[in-house]
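Subject: Structure handover

Hello,

Here is the structure I promised to pass on. Please open it and keep it in view while you read the notes below.

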Amino acid sequence: MQSEKEKLVNSPKFSIITVCFNSEKTIEDTLLSVFSQSYSNIEYIVIDGKSTDGTLAIVNKHKEKIFNIISEKDNGFYDAINKGIDLVTGDYVAILNSDDFYVNSTVVEEIVNQFIQNNVEAVYGDLQYVERTNTNQVTRTWISGNYTEGMFYKGWMPPHPAFFVKKECYTKYGKFNLSLKSAADYELILRFIHVNKIKVAYLPKVLVKMRVGGMSNNSIWNRIKANREDKLAWELNGVKPKALTFIRKPLSKLTQFFKK
């Protein structure tokens, strides 16, 4: 039987990046969900945007368990994620926002198993939106479903917090495009899967819970702006959507409210 040290050496390294700014009310849930993981070879990176509340104090309270903590001004959420990606030394990369947390202690272990068993470049699963103050109250569930080529034309996209990628994909195909403000995650996933056709595996279960109030979902106006950026994401990659792609994308989310 392998010792814990031997398991650590022989296991792929899994890197998790959390970006935060003035997140004192939620950050500890995020941190604890990472620390509770059964998988032992985790590299955790926290990028703080120079918070002015108690966020950094909470993070520093756990600094012995965090590989790298950066606290400095940035040019927005995706710029901060890109900083984290530059620091990653692991084989696989996860982005866990400071409003989000893993549903249980086996999420990372299950994801790594999927990478290994299916020999893929990305693994994705499902996500639940929950109330900010009562995370047991589910408001909607994002069921990703199996991917087949061409599904982006139908408005398909997996939830970004439940999307895990080999580090080499960022090296080959680039990081987040900072010219986009709310659709940079969509553009990156479109670029990786639809344009560069990386091999993916779907784990059909909820992996992450996200508190409601994300920047592209918290108003109709923001949804309109996000839709405009969705179109730009295709233009930036030199690919052409179908006539109804940008109608089907927001409409596909309506069913999420009936899957609780």
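What follows is a short tour, starting with the ground rules.

This is a predicted model, in which local features need pLDDT of at least 70, side-chain atom pairs count only at pLDDT 80 or more, and totals for chains, interfaces and linings use all residues. Residues are numbered from 1 along each chain as its sequence is written, and side-chain values use heavy atoms, with hydrogens and water left out.

Salt bridges

The structure holds ten salt bridges. A salt bridge here is a side-chain nitrogen of Lys or Arg within 4 Å of a carboxyl oxygen of Asp or Glu. In general, side chains of opposite charge can pair when their charged atoms come close.

Lys 13 pairs with Glu 43, with 3.9 Å between the closest N and O atoms. This pair links distant parts of the chain: Lys 13 is in the loop between α1 (4-10) and β1 (14-20), Glu 43 is in strand β2, and they are 30 residues apart. Helices (H or I, at least four residues) and strands (E, at least two) are DSSP runs, numbered from the N terminus. Lys 13 is partly exposed, at 27% relative accessibility. Glu 43 is buried, at 3%. Buried means under 20% relative accessible area, exposed means over 50%, and partly exposed is in between (1.4 Å probe, protein chains only).

Asp 86 pairs with Lys 175, and their closest N and O atoms are 2.7 Å apart. Asp 86 lies in helix α4 (residues 77-87) and Lys 175 in the loop between α6 (167-173) and α7, so the pair ties together parts that are 89 residues apart in sequence. Asp 86 is exposed, with a relative accessible area of 52%. Lys 175 is partly exposed, at 30%.

Glu 168 pairs with Lys 172, again with a salt bridge, at 3.9 Å between the closest N and O atoms. Both residues lie in helix α6, four residues apart, about one turn of the helix. Glu 168 is partly exposed, at 35%. Lys 172 is exposed, at 52%.

A buried charge

Beyond its neighbours within four places in sequence, Asp 48 is in contact (heavy atoms within 4.5 Å) with residues including Cys 20, Phe 21 and Glu 72.

Cysteines and helix α7

The structure holds zero disulfides (pairs of cysteine sulfur atoms within 2.5 Å). Cys 20 is buried, at 3% relative accessibility. Cys 169 is buried too, at 0%.

Helix α7 (residues 184-195) is mostly covered, with eleven of its twelve residues buried. Among them are Asp 185, Glu 187 and Arg 191. Just after α7, Lys 197 takes a positive phi of about 55°.

Best wishes
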